[in-house]
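Reader: I have a model open and would like to learn how to read it. Please take me through it one feature at a time.

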Amino acid sequence: MTNKVFGIIEKEKFGIGALLYFNIFGKKIYFKKVPYKKDMALIKKLLPYLKAGIPSVVNVMEFYKGLYANVNEELVSNMYTMLLNKNDNAIDIGANAGLHTDKIARLTNGIILAFEPIYELYNKLNKQYINNPNVKIINTALSDKNDIADFYVYNSCLAESGLLERKERMRGKGKFEKIKIRTEILDNYIDNFDELKFIKIDAESAEINILKGAGGIMDKLRPYITLEFGDDVKYFNQTAGDLYDYLILHNYSIADLFGNFYASKEEFEKYRPVWDFVLVPEEKREEFQKIINEKFV
């Protein structure tokens, strides 16, 4: 497997088997297996190259397709672990089974709002946090308007349920149940906070609409935001350029989870080998870069 910038994956005899290594300009970076299951070790070894700029990240990710898919949730949690202090407030949008809600609750004693539209998942989380006054679980879907909407629940993969059917994406993943659900804008909750440090968004392609309903919070409270964002926004008739334009409107920059900022709309439209990003208020770029440089683990 060749790569224009970073060389090749090669084998080295080791007993009766072989070790794989990443040959980067003649330097051997070893890894144990393909794919590298749920392990940040390779990320750490490749970090100098992953922090070298957007095109470099693209080359690394395209070079080793399995890398990001196995560690993306860990990289999201790594990001808010770096950003959050013990009394910071945070929001988890698309809480699902509570993976990130639980981690955030261990990091901060501040106010945490977690939004989960699927009642079974909401109910389980609500029972878990019923005696924690700092964590509030809310059974609603966030969008760009307060309304009642169709919601497609895929019981075989609840995490991929959402406001649109997405026929091509969900083909072969079983039948869905279409239900009616309440949608709200995040700005309904602006008075819950005097300060807000962080928002995590993972809402199965509804991210742009959620941000449109959060413009007041973005402008007033200026939180860092991580969001999952991929080509499935086409089901909402939206594009990567639409996201970039909206962020410019609210004076935000967009970076990957390794701290590399996108320099232009054209760059963001062209180079997106990963599907999680961090949105950074323009006035916090220097602060953010310092955090990345000092704390990335």
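Reader: Which strands form the open sheet of seven, and in what order?

Author: Bear in mind that this is a predicted model. The order across the sheet is β7-β6-β5-β11-β12-β14-β13, and the pairing is mixed. The edge strands are β7 (135-138) and β13 (252-256), each of which pairs on one side only. Direction ignored, neighbouring strands of this sheet are turned by 15 degrees against each other on average.

Reader: Which helix packs on this sheet, and which strands does that helix touch?

Author: Helix α9 (residues 240-249) packs there, touching β12 (224-228), β13 and β14 (276-281). The direction of α9 makes about 135 degrees with that of β13.

Reader: How do I read the pairing between two strands, say β6 and β7?

Author: Look at the bridges and the directions. Strand β6 (residues 112-115) runs parallel to β7, and four bridges join them.

Reader: What are the partners of β11, and in which sense do they pair, parallel or antiparallel?

Author: Strand β5 (residues 90-93) pairs with β11 in the parallel sense over four bridges. On that side, Ile91 stands opposite Ile199 in β11. β12 also pairs with β11 in the parallel sense, again over four bridges. There, the bridge partner of Ile201 is Leu227 in β12.

Reader: Are the faces of β11 covered or open?

Author: The general idea comes first. In a regular strand the side chains alternate between the two faces of the sheet. In strand β11 (residues 198-201), Phe198 and Lys200 lie on one side, while Ile199 and Ile201 lie on the other. All four are buried, and both faces of the strand are covered. Note that the buried set includes Lys200.

Reader: What is the strand order in the sheet of three?

Author: That open sheet has the order β8-β10-β9, with mixed pairing. β8 (141-142) and β9 (147-154) stand at the edges with a single partner strand each, so one side of each has no neighbour in the sheet. β9 pairs with strand β10 (residues 176-184) in the antiparallel sense, over eight bridges.

Reader: How do I read burial along a helix, for example α1?

Author: Start with the turn. An α-helix has 3.6 residues a turn, so residues three or four places apart point the same way. In helix α1 (residues 41-50), the buried residues are Leu42, Ile43, Leu46, Leu47, Tyr49 and Leu50. They cover an arc of only 165 degrees around the axis, which puts them on the same side of α1.

Reader: What do the totals for the protein come to?

Author: The secondary structure comprises 11 helices and 14 strands. Of the 297 residues, 54% count as buried, where the cut-off is under 20% relative accessible area. The accessible surface comes to about 14,500 Å², and 50% of that belongs to carbon and sulfur atoms. Among contacts with a separation of 6 or more, 64% are between residues 24 or more positions apart.

Reader: Where does the pLDDT fall below 50?

Author: The average for the protein is 82, and 75% of the residues score at least 70. Over residues 1-20 the pLDDT stays under 50, and the model has 49 contacts beyond four places in sequence for them. Residues 32-38 are also below 50, with 15 contacts in the model beyond near neighbours in sequence.

Terms used. Residues are numbered from 1 along each chain as its sequence is written. This is a predicted model: local features need pLDDT of at least 70, side-chain atom pairs count only at pLDDT 80 or more; totals for chains, interfaces and linings use all residues. Side-chain values use heavy atoms; hydrogens and water are left out. Two strands pair if DSSP finds at least two bridges between them. Axes are lines fitted to C-alpha atoms, for helices over the stretch in contact, and angles run from 0 to 180 degrees between N-to-C directions. Contact means heavy atoms within 4.5 Å. Buried means under 20% relative accessible area, exposed over 50%, partly exposed in between (1.4 Å probe, protein chains only). Accessible areas come from the Shrake-Rupley method with a 1.4 Å probe; for residues, only the protein chains shown count as cover. pLDDT is the predictor's confidence in each residue, from 0 to 100. The arc is that of the directions from the helix axis to the C-beta atoms.
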